[in-house]
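User: Please take me through this structure in questions and answers, with the cut-off behind each term stated once.

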Amino acid sequence: MQGWRVSAKSAVVCLTSLVCGCLSSCTSMDTTSIADYIGAASASPQARRAATTRPARRAVATRPSTPMALTTRPDGTMQLTITSAIVMALENNRALVAEKLNPQIRRTVEQQELAAFDPLLTGRVSYGRERRNLPSVDGEKVSEITDGFGAQLGVEQFLPTGTTLRLFGQTDVVQGAFREDDDWASRAELTATQALLRGAGVDVNLVSLRQARLDTLSSQYEFRGFAQELVAAVEATYWDCVLAQRQIEIVENSLVVAEQQYEETKERIRVGQLAETELAAAEAEVALRRENLINARSALDTTRLTLARLLNPPGGLTGHEDIVFQTLPTGVATEPDPVELHVELAMRMRPDLNQARLLVQRDELELVTTRNGLLPRMDLFITFGKTGYASSFGQSVSNTGGGNYDVLVGISGEYAPINREARARNQRAMLSHEQALASLDNLAQLAEVDVRGAYIELTRSQEQVRATEATRRLQEEKLRVETEKLRVGKSTSILVAAAQRDLLSSQIAEVRAVVTNIKAMIELYRMEGSLLEHRAISCPGAEPVELAEQ
């Protein structure tokens, strides 16, 4: 008997230690807060890593611009730089504000899954009455009425190891008219159930929590992709506005030249150097320039409205007509790195590829669950309890500390011979994992096509900048020659007007080629997933996802 007492005490100590250890392990599993900050990253680890991985290249050489927000001139117009436009969009864009909530929403699922390991308090209070007829005495019917009261309080917890612990205390009292004293019974009981096959181990029991964390990471990469798309859209729209603004300046200058040519033609007709038929061509050229100017101004207003929606400035969409764009292109983009380096960077940095890798990891976790589900259920349980009896509550509780106890040890289990459901789930998980790997390979190939296509477009646009620059110089010379020939009577107003139109087209084509080259560089950075790093913007999802060797 003494040996049984030692064994029982040892069991209590072991179970208590197990409870404390598992409780502390569950506490350490709490999710860590991951910042969803997006903004300047001059000192962030991600920016430093990106700088050491591959030097960030500027799209073009631009004029210095220090303002980080809209600045207002004395005449009421607002000055906007490309940097301030990006900052304003990251702070105010309504779609980005809504998208930023997704990681926080997904993080609540982690807490929900973690709740499976929270302790559960249980309690019960009961009252019962029993009436029993006793054998008659002297022909009189006698009934005994007994009242019973009971109370129970317990705590239960499931642990990641597959262990279920249950500790409860219970007190019952029976009162009756024929009883001299109340009958009190108090009991304390500790039960531990450990899964041995199905449901055993930390790996299978933490699958849901780990999947929830992967979903949170996936939402961060999705948010990063959205932020990158927004920055690319802001930059592209900004340069479209610059192009439209510059086009207005070119058309206005050409209008001035056309008007001067018109006045000169009138004067030469007046002195008899030209026929009156030459005036119609000069007048038509002025009308055409005014028509082009109207269209150019309308295009600028429309593009500025699009940019204002992306930036969502404090004043709303009103006042966007007064924005003046300060950052102007002054040269061709620098030569890009070899295309293989851009492809390699895209394989690591593209948010959609990292999301696909997280999906593969999620399917791998699902395989852990389904494979474990193929096992039969076998649980080891042990129950240790002590009960005290007395005529009062306090004495019954005190009596539980005596030498009396009861111990129950056993194994329970269940086995499904066919187990079709578990087999089907495992087969589906295997096929889904294989499908995710195939989809990842396909997405990687599409990403490579995107990068190589953007690289080709960047190379073409750089060559186009040089070609349009040469064309503009030649058209300027052509117009100069035709103008001189007209002054000496060797040309006509129609030929001069045609030369003016050709020069105007070449000037606009040159500016458009420069802007297209800038946008091609932006697109290449977007396709390889490094645009935010090149703009020194910190955003969740900067770390590449690595898959385990298959």
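User: How many aromatic pairs does a search of the whole structure find?

Analyst: In this predicted model, local features need pLDDT of at least 70 and side-chain atom pairs count only at pLDDT 80 or more, while totals for chains, interfaces and linings use all residues. Residues are numbered from 1 along each chain as its sequence is written, and side-chain values use heavy atoms, with hydrogens and water left out. Rings of Phe, Tyr and Trp (its six-membered ring) pair if their centres lie within 6.5 Å, and planes under 30 degrees apart count as stacked, over 60 as edge-to-face and the rest as tilted. By that criterion, the number of aromatic pairs found in the whole structure is five.

User: Why does the pair of Phe-117 and Phe-158 count as stacked, and how many residues apart in sequence are the parts that the pair ties together?

Analyst: The ring centres of Phe-117 and Phe-158 are 6.0 Å apart and the planes stand at 15°, so the pair is stacked. Helices (H or I, at least four residues) and strands (E, at least two) are DSSP runs, numbered from the N terminus. Phe-117 sits in the loop between helix H5 (101-114) and strand S4 (120-137), whereas Phe-158 belongs to strand S5 (residues 140-158), so the parts tied together are separated in sequence by 41 residues.

User: Is Phe-117 buried or exposed, and how does Phe-158 count?

Analyst: Buried means under 20% relative accessible area, exposed over 50%, and partly exposed in between (1.4 Å probe, protein chains only). Phe-117, at 4% relative accessibility, therefore counts as buried. Phe-158 has 27% relative accessibility and so counts as partly exposed.

User: At what angle are the ring planes of Phe-384 and Tyr-405, and where do the two residues lie?

Analyst: The centres of the Phe-384 and Tyr-405 rings are 5.9 Å apart and the planes are at 25°, so this pair is stacked. Phe-384 counts as buried at 12% relative accessibility, while Tyr-405 counts as partly exposed at 23%. As for location, Phe-384 lies in strand S9 (residues 377-390) and Tyr-405 in the loop between helix H11 (393-399) and strand S10 (406-414).

User: Which residues form one aromatic cluster?

Analyst: Rings can also be grouped. One aromatic cluster is formed by Tyr-238, Trp-239 and Phe-325.

User: How are H9 and H13 oriented to each other, and which residues of H13 are met by H9?

Analyst: Axes are lines fitted to C-alpha atoms, for helices over the stretch in contact, and angles run from 0 to 180 degrees between N-to-C directions; angles under 35 degrees count as roughly parallel, over 145 as roughly antiparallel, 65 to 115 as roughly perpendicular and the rest as oblique. Helix H9 (residues 339-349) packs against helix H13 (residues 493-528) at about 50°, with axes 7 Å apart, and the two are therefore oblique to each other. With contact meaning heavy atoms within 4.5 Å, His-342, Leu-345, Ala-346 and Met-349 of H9 meet Leu-524, Met-527 and Glu-528 of H13.

User: At what angle do H9 and H10 pack, and which residues make the contact?

Analyst: H9 and helix H10 (residues 351-373) pack with their axes 6 Å apart and at an angle of about 45°, which makes H9 oblique to H10. The contact is made by Ala-346, Met-347, Arg-348 and Met-349 of H9 together with Pro-351, Leu-353, Asn-354 and Arg-357 of H10.

User: Where is Asn-312, and what is the phi value of this residue?

Analyst: Asn-312 is placed in the loop between helix H8 (278-311) and strand S8 (323-325). With a relative accessible area of 17%, Asn-312 is buried. The phi of Asn-312 is a positive value in a residue other than glycine, near 50°.

User: Which residues is Ser-218 in contact with, leaving aside neighbours within four places in sequence?

Analyst: Ser-218 lies in helix H7 (residues 207-270) and counts as buried at 17% relative accessibility. Beyond those sequence neighbours, Ser-218 is in contact with Gln-355 and Leu-358.

User: What pLDDT does the chain average?

Analyst: pLDDT is the predictor's confidence in each residue, from 0 to 100. Of the residues, 82% score at least 70, and the chain average is 83.
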